[in-house]
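Student: Hi! Could we go through this structure together?
Tutor: Happy to, let's bring it up.

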Amino acid sequence: MRPFLISLCALLCVAAARPSPRHPFNDFPADAESEEVRSAAIKRLLEVFGMEDPPAVHGHKQPPQYMLDLYNTVADVDGVTRDPSLLEGNTVRSFYDRLRSEQVEFRFNLSSVAKTEKILTAELHLFKLRPQATQTFNRHHFCQVRTAKFRPGQSCRAASLFLLMLRVCVLQVSIYQLMESSRSNSTQEKKLLSARLLPVHSSGWEVFTITPAVRSWMTEEGSNLRLHVVVQTLGGSQVDLKLIRFASGRHHHPSKQPMLVLFTDDGRQSATLESSDSGESTSTLPQFPMSSPSSRSARSVDYSEDHGVPKPCQRLPLYVDFEEIGWSGWIVSPRGYNAYHCKGSCPFPLGQNMRPTNHATVQSIINALKLVRGIETPCCVPDKLHSINLLYFDDDENVVLKQYNDMVAGSCGCH
């Protein structure tokens, strides 16, 4: 995993070499050879992010608020994962309804989901509207009087127990998967996915789990990919859809569009150096400001200005700017992140502040005693790696949240 981060640092240096629109007077030459190297570096960087080509830029489209909130929950301001257990799998995909029907039917285009992706959970997000003010209805069909126990405060006797009579007005909302040969008015050719009682006068987002339907869509070529909503009374009678209304993409604000959210795992392995507590992103080694390119040497050893004494192994900043690379058009967040890199010497004797492995300690002793020729001092490398999260638009304008392992050097040590 460590060579991966080192190669990533080299790729970023090459990828950012071409002059950007904001910096037209960049000193890097724009000859054919440097352009060829940059193209190769960009291609390799895309492979790191699991892509063959960068997604097309479709303009400034607003991402779903749910995806923005989810990103801010799992990632800090730099995109670094707060806690790996917060996200189920490593990918979250959102899809807007493509049918835009007034009959409470939905259809989604899942062509961007790879066949190798494991569907963990699938959710249908619907925004429930309040009933129309002009709509009249018979409360007798879907309102119940329920009894609730209530114990008063200290002002009354503790043994007192009151009964409250509550009128609860609810309707049952069921989500069906329309089978390949089904029609919307044929309940026999539908498969029930989820059902729940909803208050008539409530409003806001409602989430229904429909994982079996999405898994069948992914395994069956040319499947229907359609969902249908049925609203019934407590007695099972179908009611007018005006009593419980859901926002559609045709007549309501885009922020309230019906949406399918998939939690998936693309099969990439977890980081071997990932911290068990990713919230600890600070290194035990001292932190230093960004060093200039001229201070780098072939062996990544920094020398202080006083008497040329090499600096000890330390973690230094390495900011990755997606705008400089040319990816700001399709990446929503973050705009960039600090990958950090490790630099410095690992002199004998190795103290615990150098976070040495036992192997590095033995190698350092062999080098100091010159017991074997050609044995060099241990190297300053990342010994803890963190993942980052990327929120971006794919080629179909769907918003994707993806977690990438081994992208940030959490701390450095002598290995």
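**A chat about the fold**

Tutor: To start, the protein has six helices and 17 strands, where helices (H or I, at least four residues) and strands (E, at least two) are DSSP runs numbered from the N terminus. This is a predicted model, in which local features need pLDDT of at least 70, side-chain atom pairs count only at pLDDT 80 or more, and totals for chains, interfaces and linings use all residues. Residues are numbered from 1 along each chain as its sequence is written, and side-chain values use heavy atoms, with hydrogens and water left out.

Student: How much of the protein counts as buried?
Tutor: Of its 415 residues, 45% do. Buried means under 20% relative accessible area, exposed over 50%, and partly exposed in between (1.4 Å probe, protein chains only).

Student: And which residues have the most contacts inside the largest nonpolar core?
Tutor: Those are Leu110 and Val214, in a core of 33 residues. The elements giving two or more residues to this core are strand 3 (118–129), strand 5 (162–178), strand 6 (190–199), helix 4 (211–219), strand 8 and strand 10 (259–265). A nonpolar core here is a set of buried Ala, Val, Leu, Ile, Met, Phe, Trp, Tyr and Cys residues joined through side-chain atoms within 4.5 Å.

Student: What does Val214 touch?
Tutor: Not counting residues up to four places away in sequence, Val214 touches Leu110, Ile119, Ala122, Leu260 and Leu262. Contact means heavy atoms within 4.5 Å. Apart from this core lies another, of 25 residues, among them Phe49, Leu318, Tyr337 and Ile388.

Student: Switching topic: is Ser216 buried or exposed?
Tutor: Ser216 counts as buried, because its relative accessibility is 14%. Its place is in helix 4, and beyond residues up to four places away in sequence, Ser216 touches Gln177 and Ser223.

Student: Where is Arg226, then?
Tutor: Arg226 belongs to strand 8 (residues 226–232). Arg226 counts as partly exposed because its relative accessibility is 25%.

Student: Which side chain does the side chain of Arg226 make a polar contact with?
Tutor: That of Glu105, at 2.2 Å. A polar contact is a pair of N or O atoms within 3.5 Å; within protein, one must be able to donate a hydrogen and the other to accept it, and residues adjacent in sequence count only if both atoms are side-chain atoms.

Student: How far apart are Arg226 and Asn109?
Tutor: They are 117 residues apart in sequence and 9.9 Å apart in space, C-alpha to C-alpha.
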